[in-house]
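Please look at the sequence and the model below before reading on. The numbered points that follow are meant to be checked against them.

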Amino acid sequence: MVDVVRPAPAPAAELLSRLIYAVSHDLRSPALTLSLSGELVEDAVRSPARATAAPAAPGERLDVALHGLREGGRDLERMLGAVTALSRALQRDLTPRTLPLAELLAGSQLVAADAALPTLAVHLDPAPARELLALLAGDAAPLRVELQRSGGDVVLCLVPALELPPFEDSPLAALCGSLTAYAGTALAELAVLQLLLERQGAALQLEAAEARLWLPLAPGATDAAARALEGAPALAIERAL
Amino acid sequence: MSGALRPPAVLVVDDEHDHALIVRELLAMAEPGLSVELVAGASSTHGALPPSIDGAPAGALVLIDRLLAGRDCYPMLGRCACERPDLTLAVLSAALSEEERGRALAAGAHEAAEKPATLVEWRELLRRLLALSVMRLDTR
């Protein structure tokens, strides 16, 4: 595994600025669709003569308007849903606890250069990490996860098995930058989980071909783990847990 | 605007399908018989011009949504202005600040405006853009 630099979380002010911009711009679009569609319905119903003067049949125009009402409402709901999910992720109560990696990654196929790595303890609420791995795994089972120690973190490396829309930076930055493009997609779910993990000192780096997740080792376990790893066999082991 | 004084065609490049349909309806009401083509355009912001724009009739009016699939349309706009100077290019956006309007004009748009919130304002805007494209046809 190539050693990679742990990504720093985007500054909160920058994310907030992007999100406010996206909310103020992206939500206007479905709002416009709703108001214009409503006016088109009114136009067709109250001024049938005017409606029939145009080439499209009134029924067809009504279809356009009704479609606009339906889709505008759905779009608005989709984008508000993404903002709501981010808000809930900020408010969600997390219950960090110390647990061995092997327990966190139960059911996965672990690959580690050091036999002791799966026994190391991490300290976090395991639910968001498990949700993230399950999402990245898609239908692939068991999930193959490579482990590597990096400073006070353990790095999980895996190949995502789900289709993602093209994006730049991280899922969270991408979603905050465009609700129109990403709300309602798997990337939005990943953004929420990224936020939950970053709240706990974890970090996520996601590309189409590889995902890396930095999880903080338990504070008391770090020194002991380092000692335990000294002299550990530098052989690759593969364990199905 | 009389039926004789109008652009040969209007292209609506917008990945907001409902907006595009509504604009087509309004154009049909304002100018019966006017050729209007909808272009999703979402994947066409980089690389070559979308074929429908590249092959648009000379002098056509092109209405382009500022954001296509979450990206600024400016790269495509610049190529349009360079490769098809005969087209009249108008950038529309659900929200357009003065700074963004300036960027759109600098990128090659002949006009840039916020998408109106009422049908009356839309009709007025479309009349203005159709007149602009006719004026550019006349001056060529």
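1. Val154(A) stands opposite Leu215(A), a residue of S7(A). Strand S7 of chain A covers residues 211-216, and six bridges join this strand to S5(A) in an antiparallel arrangement. Two strands count as paired if DSSP finds at least two bridges between them. Helices (H or I, at least four residues) and strands (E, at least two) are DSSP runs, numbered from the N terminus.

2. This is a predicted model, in which local features need pLDDT of at least 70, side-chain atom pairs count only at pLDDT 80 or more, and totals for chains, interfaces and linings use all residues. Residues are numbered from 1 along each chain as its sequence is written, while chains are lettered from A and ligands numbered from 1 in the order in which they are written.

3. S5(A) (residues 153-158) also pairs with S4(A) (residues 144-150), antiparallel and over five bridges. Here Val154(A) stands opposite Arg149(A). The hairpin of these strands has two residues between them, and Gly151(A) takes a positive phi near 60 degrees.

4. Chain A brings 24 residues to the contact and chain B brings 19 residues (contact: C-beta atoms, placed from the backbone, within 7 Å). On the chain A side, helices H1 (12-26), H2 (28-46), H4 (58-91) and H8 (179-182) each supply at least two residues. H2(A) gives the largest share, 10 residues.

5. The model scores ipTM 0.82 and pTM 0.80. Where pLDDT is low, the predicted coordinates should not be read in detail.

Notes. Contact = placed C-beta atoms within 7 Å.
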